[in-house]
Amino acid sequence: MSKLTQSTAWQALESHFEEIRDLHMRDQFAEDPERFSRFSLQLDDLLFDFSKNRITDKTVKLLCQLAEDCQVPAWIEKMFAGDSINHTEQRAVLHIALRNRNNQAIKTDGQDVMPDVRAMLDKMRQFSEQIRSRQWRGYTEQPITDIVNIGVGGSDLGPLMATEALRPYAIHDLNMHFVSNVDENHISDTLETLKPETTLFILASKSFTTSDTLVNAHTARKWFLKTAADNAAIGKHFVAVSNNTGAAIDFGIQPDNIFKMWDWVGGRYSMWSAVGLPIAISIGMDHFEQLLQGAHEMDEHFRTAPLEKNMPVILALLGIWYSNFFKSQAYALLPYDQHLRYLPDYLRQADMESNGKRIDRDGNVVDYDTGPIVFGQLGITGQHAFYQLMHQGTKLIPADIIAPISNMQCIRGHHRLLMANVFAQAEAFMRGKTEDEARAELKAEGLNKELIEILLPNKIFPGNKPTNTLLFKTLNPLSLGRLISLYEHKIFVQGIIWNINSYDQWGVELGKQLASNVLAELEDHNEVTSHDSSTNGLINYYKRSRPHND
């Protein structure tokens with residue numbers, strides 16, 4: 001057994017789980033009229049209701065004791081102090097510095113990173129305002145009308161999610177496009193309606209060696225030069241976000257058009273950096289800095305609030321409770337706002353790439369579950385898809401329901417129906433429907449006794465399905481910043497408790513390495529024998545079947 005599962009706090013939670021595993025939340029609410037007020041937290045207009053969870057006061061106390069024993073407060077300070085908590089890559093983890101909105105120094109290796117961060121924000125402001133004001137002109141002196149961000153992973157999902165979330169703040173005649181898939185259909189479909197003379201490409205790759213991004217970048221370059229026919233024109237239509245200045249220059253990008261990244265920023269936490277350049281161009285730098293401000297406010301709350309009043313900590317501990325004690329394998333994110341449609345995709349990467357680990361910080365294989373399977377989509381869409389399994393299936397799937405109290409248009413009939421679904425679904429997950437309630441409903445429909453008995457089992461819902469509800473006034477840069485920061489820190493806390501490094505991604509690197517090896521074997525038509533029989537068979541079938549001029 002590991003230190004974690006042998007710890008006093010863990011053993012106490014296991015004993016407590018046996019005591020309360022069969023408690024039903026509908027009974028807990030009936031017995032405790034103050035349950036909502038005791039199990040909810042608020043930061044400005046962000047309300048976090050966690051009362052619909054299978055917990056008691058003792059549960060929260062024991063979970064907080066686990067966090068204390070795992071030294072979560074000390075690890076929080078290590079991150080903010082710039083310590084190399086990404087120990088396998090010997091790097092600090094300082095995405096919090098990117099949105100540091102006060103004058104406090106944040107150091108790593110004795111060097112204050114804030115002057116460089118502020119300088120890059122100034123550069124982003126200058127560039128984004130040139131594009132938005134139409135001062136930046138292409139090689140034919142026409143203004144830019146379309147921005148194509150070429151990246152993958154965090155260099156794609158973060159800007160994609162945020163620009164869609166903040167669409168009401170965008171210039172609507174400045175079109176944003178995102179290309180991430182190396183499948184040629186993605187880049188081809190994107191380019192087919194664009195004009196080279198009015199298109200700007202942002203190439204986002206920290207290393208500037210990511211094969212998926214570079215293949216798309218070279219395709220875009222070739223497409224552009226078919227019309228421009230002059231390499232010098234590239235400087236007005238291609239910029240880069242990278243830590244590899246030399247490679248970007250070799251591509252043809254002007255040095256002044258390279259926006260720096262740092263090795264202490266992980267890709268899935270990089271939307272706060274120059275990777276967020278598409279966001280700044282879309283919504284303006286003032287609004288981008290409001291996004292940073294919202295995240296900073298959550299950072300400060302996370303750093304200073306006691307564990308039992310700390311939103312990210314409580315959210316993380318509830319996940320531990322279900323993953324490790326109820327043995328839940330999945331976790332659903334259910335936003336009820338059309339503009340948050342990419343939020344589940346973004347947070348799925350952040351969570352599963354961070355905490356999908358089986359080796360602890362001491363190099364040992366863990367003997368407990370770590371990161372859950374994260375999935376989700378817009379709540380209204382999900383209600384007509386996978387909610388059936390969540391309500392009546394055999395699996396326990398905790399869920400976060402996320403909704404704004406209003407939006408920019410807020411057409412009463414639309415928004416009230418939306419919110420009715422938010423509150424009804426959360427209640428339905430918690431309450432379920434008993435046999436007596438189902439029987440009474442069927443009787444009220446006038447059905448005969450025989451048909452009632454046939455239908456009755458199908459009309460019963462066990463309930464007791466946990467949800468958190470997160471409400472905020474409206475979806476704006478400030479509230480989005482708070483929300484994303486909340487989940488980033490939740491992931492960090494779970495990683496600390498599981499004693500894993502949330503900031504490396506060796507599984508991702510394995511896939512890249514193997515793909516590189518196979519790519520070399522696809523360059524000719526010779527039979528391959530270097531793999532297992534299945535892989536050999538698939539590769540050879542592909543090579544025989546593809547066009548010979550390919």
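User: Which residues of helix 5 meet which residues of helix 15?

Analyst: In this predicted model, helix 5 contributes Thr-59, Val-60, Leu-63, Cys-64, Leu-66 and Ala-67. Their partners in helix 15 are Ile-314, Leu-317, Ile-320 and Trp-321. By class, the contact of helix 5 with helix 15 has nine nonpolar residues, one polar and no charged.

User: How is the packing of two helices described?

Analyst: Two numbers are used for packed helices: the angle between the axes and the distance between the axes. Here helix 5 (residues 57-69) and helix 15 (residues 311-325) pack at about 100°, and their axes are 10 Å apart.

User: Why are helix 5 and helix 15 called roughly perpendicular?

Analyst: Angles of 65 to 115 degrees count as roughly perpendicular. The angle here is about 100°, so helix 5 and helix 15 are roughly perpendicular to each other.

User: How many cavities of 30 Å³ or more does the structure hold?

Analyst: There are four. The second largest cavity has a volume of about 60 Å³. Helix 14 (residues 285-304) gives the most to its lining, with four residues. The lining of the second largest cavity divides into three nonpolar, three polar and three charged residues. Among them are Phe-80, Asn-100 and Arg-303.

User: What lines the largest pocket?

Analyst: A pocket, in contrast to a cavity, is an open set of points. The largest pocket is lined by 49 residues, and those nearest its centre are Val-152, Thr-210, Ser-211, Asp-212 and Lys-512. Its volume is about 1,500 Å³. Helix 23 gives the most to this lining, with eight residues. By class, the lining of the largest pocket has 18 nonpolar, 16 polar and 15 charged residues.

User: How many charged residues are in the lining of the second largest pocket?

Analyst: One is charged, beside 11 nonpolar and eight polar residues. The second largest pocket holds about 580 Å³ of space. Nearest its centre lie Asp-337, Gln-338, Asn-407, His-415 and Leu-418. Helix 19 provides the largest share of this lining, four residues.

Definitions and conventions:
Residues numbered from 1 in each chain as written. Predicted model: local features only at pLDDT ≥ 70, side-chain atom pairs only at ≥ 80, totals over all residues. Heavy atoms only, no water. Axes fitted to C-alpha atoms, helices over the stretch in contact; angles between N-to-C directions. Helix = DSSP H or I, 4+ residues; strand = E, 2+ residues; numbered from the N terminus. Parallel < 35°, antiparallel > 145°, perpendicular 65-115°, else oblique. Contact = heavy atoms within 4.5 Å. Nonpolar A, V, L, I, M, F, W, Y, C, P; charged D, E, K, R; others polar. 1 Å grid on protein atoms, 1.4 Å probe; cavity = no way out; pocket = protein on both sides within 12 Å on 5 of 7 lines; lining within 4 Å. Points joined across faces, edges and corners; volume = space filled by probe spheres on them.
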